[in-house]
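Hello,

Here is the structure I promised to pass on to you. Please have a look at it first, and then read my notes below.

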Amino acid sequence: MKIPILSDTHDLLRPEALALLPGSQCILHGGDISSPGILNRLAQFAPVKAVRGNNDKEWAEGLPPFLDFELGGLRVFMTHKKKDLPKDLSLYDLMVFGHSHQYSEIWADHPGGRRTLMLNPGSCGPRRFHQPITLAMLTIEESGWQVKRIEIPHAPKEAAPKIDPGNIKKQIEIVMKETQKGNGVSFIAEKYGLDKALVEQIARLYVTHPGVTADGIMTKMGL
């Protein structure tokens, strides 16, 4: 079985991602889809299992916040934010989440030799910060299963912004400092080349939670 795993497409399906979809038996999407057109396009290739992300608004009211299902003999759990994964990992072979736009594979070992893979496929939608454009490909065969990280090269026009945004904590600290000075969201986003929606989210958390630290904001953002 060939199962592409995507997340955080934010209304963008790149040609390089679409080229990987033919021959799929199922497609998993970890949320922040942004429009029904994305799901409709994916469904042209294979059945889609998707969860609702924090940026999926009224149109996505019918999407579940999490899914718990069997796929090719694997027990799979899927949700948008890592913090919403079940505490008991031992029931699952694979857990899929997104939100941070950062690819990660974390293995958890359990008594009896069973292992759980917690997978964030990253984002293959609009490029954010210095982060690579990624998705994952799950392959299930009689001999076992494996996940492969796939990176899509970004175009020159998608060059990263002025500061080093690979460190999200640094971005939060900058927004906190500028907000404290009384600067607005649009000013901060333009000055530092940051995503406006991200700046707005950080500034809102900073203002509504007096005394919160950068680490605290990261926690509240599910990072």
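Let's start with a term: two strands pair if DSSP finds at least two bridges between them. Strands (E, at least two residues) and helices (H or I, at least four) are DSSP runs, numbered from the N terminus.

Some background before the details. This is a predicted model, in which local features need pLDDT of at least 70 and side-chain atom pairs count only at pLDDT 80 or more, while totals for chains, interfaces and linings use all residues. Residues are numbered from 1 along each chain as its sequence is written, and side-chain values use heavy atoms, with hydrogens and water left out.

**The hairpin.** Strand S4 (residues 66-71) runs antiparallel to strand S5 (residues 74-79), and six bridges join them. Glu-70 stands opposite Arg-75 there. The two strands make a hairpin with two residues between them, and Gly-72 in the turn has a positive phi of about 60°. On S5, five of the six residues are buried (under 20% relative accessible area; exposed is over 50%, partly exposed in between, with a 1.4 Å probe and protein chains only). S5 also pairs with strand S6 (residues 94-96), in the parallel sense and over three bridges; here Val-76 faces Leu-94.

**The five-stranded sheet.** Next, find the open sheet with the order S3-S2-S1-S9-S10 and mixed pairing. Strand S3 (48-50) and strand S10 (144-152) are at its edges with a single partner strand each, so one side of each has no neighbour in the sheet. On average, neighbouring strands are turned by 20° against each other, direction ignored. (Axes are lines fitted to C-alpha atoms, for helices over the stretch in contact, and angles run from 0 to 180 degrees between N-to-C directions.)

Strand S1 (residues 2-6) has four of its five residues buried, so the rest of the structure largely encloses it. S1 is antiparallel to strand S9 (residues 133-141), with four bridges, and parallel to strand S2 (residues 27-29), with two. Leu-6 is opposite His-29 in S2.

Enjoy exploring!
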